[in-house]
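Hi there,

Here is the structure I promised to pass on. Please open it alongside this note, and my findings follow below.

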Amino acid sequence: MLTPQEYLKKEGIKLEDFKKTALSKINKKNRELLDKLREHENKREGILNFYNILYSLVGDSWYYPERDLREKYLTTCKELLPPRGIVVDFGCGLGLDCTYFTLTREDLFVIGVDMSPVAARKAKSRAKRYGLKNIDTLVADFDHLPFQDESIDTGFSADSLFEYLFEVSEEYVLKRMGNVAKVLKKEGKLIIGKAGNPSEIIEYFGNSIGNYAKKIGMKEKFSTEFSYRSIEDGKPTKEYFTLVGLEKE
Ligand SMILES: C[S@@+](CC[C@H](N)C(=O)[O-])C[C@H]1O[C@@H](n2cnc3c(N)ncnc32)[C@H](O)[C@@H]1O
């Protein structure tokens, strides 16, 4: 069984200084463009164009400098995903997580969904490299999910349903979460991963993930926070990540 450590090594994911290595690959003009998109008055359009451009500029693994973080949550989530059924990775990005789940959990069929066609294409080729049959990747928006109501067993979402990069309103968060909840089966699970500790999440979004869940007919089953190592400006730093497990009532 491929361990997260082996997988991340194989995918070339290193613990590295995001600012010094990854960000330095984007020239000033593109940086300004990406910043402008973050301020775009139409959130959806801003987010879509931001990620299309970002993912076009970088390689398949560039977006993942935090090896330590991935190692920790891949280990936890692989165990937490219930047996059998369909798992959807909502906002799968370049597909690092959904490919690992598919590789290590043959009992699951995993679907990676992302609004960015560039992300979905790169996620597809990652899965193809491993010759996987129990995975698919789709271009789709949380606002128009291509699934029937109550058809998905488990959802997973890392830094996508909640993300700090764009100032989104409470209404925006609730609408996206509500759409995801609708396609989950009754008692279906949703695991949400978010950079930061629970109090940072409340400070930024105005509410905890569990409180948002209550408003859309889901209940919080667990919440766990862990620290991981990162490097910023050449110095090791300690960052936090929160995982919240929800269940549809
Ligand atoms: C911060 S990235 C995280 C990607 C991946 N889960 C990871 O952990 O590396 C957020 C992702 O969510 C996707 N996304 C944002 N809003 C979306 C929406 N409304 N519908 C579908 N995907 C969306 C973006 O295109 C982007 O790939």
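Which domains does the domain assignment give for the protein chain? There are two entries, domain 1 (4-11 + 65-248) and domain 2 (18-57), with bounds that come from an automatic or database domain assignment.

Two notes on reading the numbers. Residues are numbered from 1 along each chain as its sequence is written. This is a predicted model, in which local features need pLDDT of at least 70 and side-chain atom pairs count only at pLDDT 80 or more, while totals for chains, interfaces and linings use all residues.

**The two domains**

Taken over C-alpha atoms, the centres of domain 1 and domain 2 are separated by 21 Å. Where they meet, 14 residues of domain 1 are in contact with 14 residues of domain 2 (contact means C-beta atoms, placed from the backbone, within 7 Å). On the domain 1 side, helix α6 (residues 117-129) gives the most, with 3 residues. Helices here are DSSP runs of H or I with at least four residues, strands are E runs of at least two, and both are numbered from the N terminus. By class, that side of domain 1 has 9 nonpolar, 2 polar and 3 charged residues. For the classes, Ala, Val, Leu, Ile, Met, Phe, Trp, Tyr, Cys and Pro count as nonpolar, Asp, Glu, Lys and Arg as charged, and the others, Gly among them, as polar.

**The sheet**

An open, mixed sheet of 7 strands runs in the order β3-β2-β1-β4-β5-β7-β6, where two strands pair if DSSP finds at least two bridges between them. β3 (135-139) and β6 (218-232) are at the edges with a single partner strand each, so one side of each has no neighbour in the sheet. From one strand to the next, the twist averages 15 degrees (axes are lines fitted to C-alpha atoms, for helices over the stretch in contact, and angles run from 0 to 180 degrees between N-to-C directions).

Strands β1 (residues 85-90) and β2 (residues 108-114) run parallel, joined by 6 bridges, and Val87 stands opposite Val110 in β2. Helix α5 (residues 96-104) lies across β1, β2, β3 and β4 (152-158), at about 170 degrees to β2. Elsewhere, β5 (residues 184-195) pairs with β7 in the antiparallel sense over 7 bridges, with Leu190 opposite Leu246 in β7. β6 and β7 are also antiparallel, over 14 bridges, and Phe226 has Phe241 in β7 as its bridge partner.

**Two backbone angles to look at**

Most residues other than glycine have a negative phi. In the hairpin of β6 and β7, with 2 residues between the strands, Asp233 takes a positive phi near 50 degrees. Asp233 counts as exposed, with 9 C-beta neighbours inside 10 Å. Arg84, in the loop between α4 (67-80) and β1, has a positive phi near 55 degrees. Arg84 is exposed too, with 12 other C-beta atoms within 10 Å. The scale, using C-beta atoms placed from the backbone, is buried at 20 or more other C-beta atoms within 10 Å, exposed at 12 or fewer, and partly exposed in between.

**The ligand**

Of the 18 residues around the ligand, Gly91, Gly93, Met115, Ala158 and Ser160 come nearest (a residue is near a molecule or strand if its C-beta atom, placed from the backbone, lies within 6 Å of it). The shell around the ligand has 8 nonpolar, 4 polar and 6 charged residues.

Best wishes

How values were computed. Two residues are in contact if their C-beta atoms, placed from the backbone, lie within 7 Å.
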